[in-house]
Amino acid sequence: MDFLRCEGGRKLQGSINISGAKNSALPLIAMGLLAKDCVVLDNLPNVVDIKTFLTLLEMLGCKIQKEGEHLAKIYTLELHSTKAVYDIVRKMRASILVLGPLLGRFGHCEVSLPGGCAIGARPVDLHIKALEKMGASIRIEGGYIIAEAKSGLKGATINFDKITVTGTENILMAAAMAEGKTKILNAAKEPEVVQLCEVLQEAGVEINGIGSDELVVYGTQMQGLDFKKVISVIPDRIEAGTYLCAGAICNSPITLHKVNSNHLGAMISKLEEIGFKITANEGSISIYPASKLNAFEISTAEYPGFPTDMQAQFMALATQCEGTSIIQERLFENRFMHVSELQRMGANINLHGNSASIHGKSELYGADVMATDLRASSALVLAALVAKGYTNIHRIYHLDRGYEALETKLCKLGASIIRESE
């Protein structure tokens with residue numbers, strides 16, 4: 001098993017390119033199941049989650065042709081299975097995204113419940129209730145969601161009790177194949193949802209309200225969609241935010257290329273509040289050192305609010321700010337598992353339910369720490385950049401799920417990080 005060994009205390013400088021967004025690439029790959037014959041996706045991030053999802057489509061009968069590390073052609077002419085088995089779904093919750101397109105196109109599918117997911121309060125329940133409103137008959141049997149719509153899905157009004165990104169995406173894809181009009185209320189507005197809408201629209205699906213919380217989809221009832229253009233995945237706003245935090249925690253000037261700064265509004269505002277100067281132009285963004293790092297408060301929220309996927313990275317940054325910073329996690333439980341690992345490095349953090357108080361500035365020291373999830377992993381790397389001595393970050397398979405060549409990119413900026421095997 002690999003781990004990262006990081007020597008802290010180095011200043012950063014230079015520029016790097018940002019990869020395609022994993023959270024946009026995943027629904028676009030699932031959307032490939034709606035293709036009449038082929039869909040071509042470019043700017044795919046070279047990360048484990050993408051490889052896993054492409055493998056799932058291969059198991060369903062699609063032919064995947066890779067050209068380099070970032071382009072994939074998905075051929076659906078030999079698509080023969082509508083069963084997504086547990087062995088692959090357990091590796092990634094986003095596998096639930098095949099539910100909508102498979103049911104919408106074929107009227108039947110069996111999709112394993114994502115690992116550790118229980119029907120009830122879990123978001124997957126929102127997907128199921130919405131598809132039932134569209135006429136699907138769904139039962140849970142042997143750990144699988146077994147869904148049928150023998151007469152096809154019918155347009156309906158879906159009012160999500162809670163904003164759900166993957167739920168919105170699943171229903172968008174199902175509605176594209178349904179009969180009549182589907183109205184999605186309380187829809188997610190994330191850039192990744194917007195890209196899915198735009199791609200479906202280019203393929204002939206009429207969608208109104210793109211970018212708002214009310215989407216109206218007019219089903220095509222076609223046997224498959226015709227994707228004529230190469231689809232380029234949008235830049236990863238979470239990866240961009242993570243590297244901005246790397247520049248910030250090291251109080252160093254860095255520039256990111258191949259970014260969309262319009263997607264980074266909440267993060268840019270917070271970094272400016274802390275004291276950093278940020279400049280952006282078409283496709284690039286730069287951060288410059290601050291004379292003083294001010295404490296701050298954030299509360300996670302759905303887009304365009306502050307992203308939950310950046311909460312851990314800003315917590316690492318808060319350890320280097322003067323005063324007490326407050327972070328409230330309002331979207332997910334168990335999203336503070338990185339706190340104990342940061343404390344091992346010397347961070348002064350107190351937890352009160354879904355709120356964390358970070359008292360700075362703290363002197364951080366290298367230690368052996370363990371990644372608990374994808375974004376927690378990157379927070380530990382950020383802390384290691386300023387810690388005295390060496391930090392060994394274990395279980396980085398979490399990191400590899402969503403960050404392409406993280407240590408390579410940071411080393412290009414001047415960090416000292418090597419990947420070793422235990």
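Two strands count as paired if DSSP finds at least two bridges between them. Keep that in mind for the first stop. The model on your screen is predicted.

**Stop 1: a sheet**

Select T182. Its bridge partner in β13 is V217. Now widen the selection to residues 181-185, strand β11, and residues 214-218, strand β13. These two strands pair in the antiparallel sense, over five bridges. Strands of a sheet pair through backbone hydrogen bonds, either parallel or antiparallel.

Next, show the whole sheet. It is open and has four strands, in the order β10-β11-β13-β12, with mixed pairing. Which strands stand at the edges? They are β10 (157-159) and β12 (206-208). Each has a single partner strand, so one side of each is left without a neighbour in the sheet. From one strand to the next, the twist averages 15°.

**Stop 2: annotated positions**

Look at two of them.

Start with R93. You will find R93 in the loop between α3 (86-89) and α4 (99-106). Its relative accessible area is 42%, so R93 is partly exposed.

Move to L126, in helix α5 (residues 124-133). Is L126 buried or exposed? Buried means under 20% relative accessible area. L126 has 15%, so it counts as buried. Show its surroundings: leaving out residues up to four places away in sequence, L126 touches F160, K162 and T164.

**Stop 3: helix α9**

Select residues 265-274, helix α9. Colour its buried residues: M267, I268, K270, L271 and I274. Then look down the helix axis. The buried residues fall within an arc of 165°, so they line one face of α9. What covers them? The cover includes two helices, α8 (237-249) and α10 (311-318). Strands β16 (277-281), β17 (284-288) and β18 (297-299) are also part of it.

**Stop 4: aromatic rings**

Select F296, F306 and F314, which form one aromatic cluster. There are two aromatic pairs to inspect. In the pair of F296 and F314, the ring centres are 6.0 Å apart and the planes stand at 85°, so the pair is edge-to-face. F296 sits in the loop between β17 and β18, F314 in helix α10, 18 residues apart.

Methods
Residues are numbered from 1 along each chain as its sequence is written. This is a predicted model: local features need pLDDT of at least 70, side-chain atom pairs count only at pLDDT 80 or more; totals for chains, interfaces and linings use all residues. Side-chain values use heavy atoms; hydrogens and water are left out. Axes are lines fitted to C-alpha atoms, for helices over the stretch in contact, and angles run from 0 to 180 degrees between N-to-C directions. Buried means under 20% relative accessible area, exposed over 50%, partly exposed in between (1.4 Å probe, protein chains only). Contact means heavy atoms within 4.5 Å. The arc is that of the directions from the helix axis to the C-beta atoms. Rings of Phe, Tyr and Trp (its six-membered ring) pair if their centres lie within 6.5 Å; planes under 30 degrees apart count as stacked, over 60 as edge-to-face and the rest as tilted.
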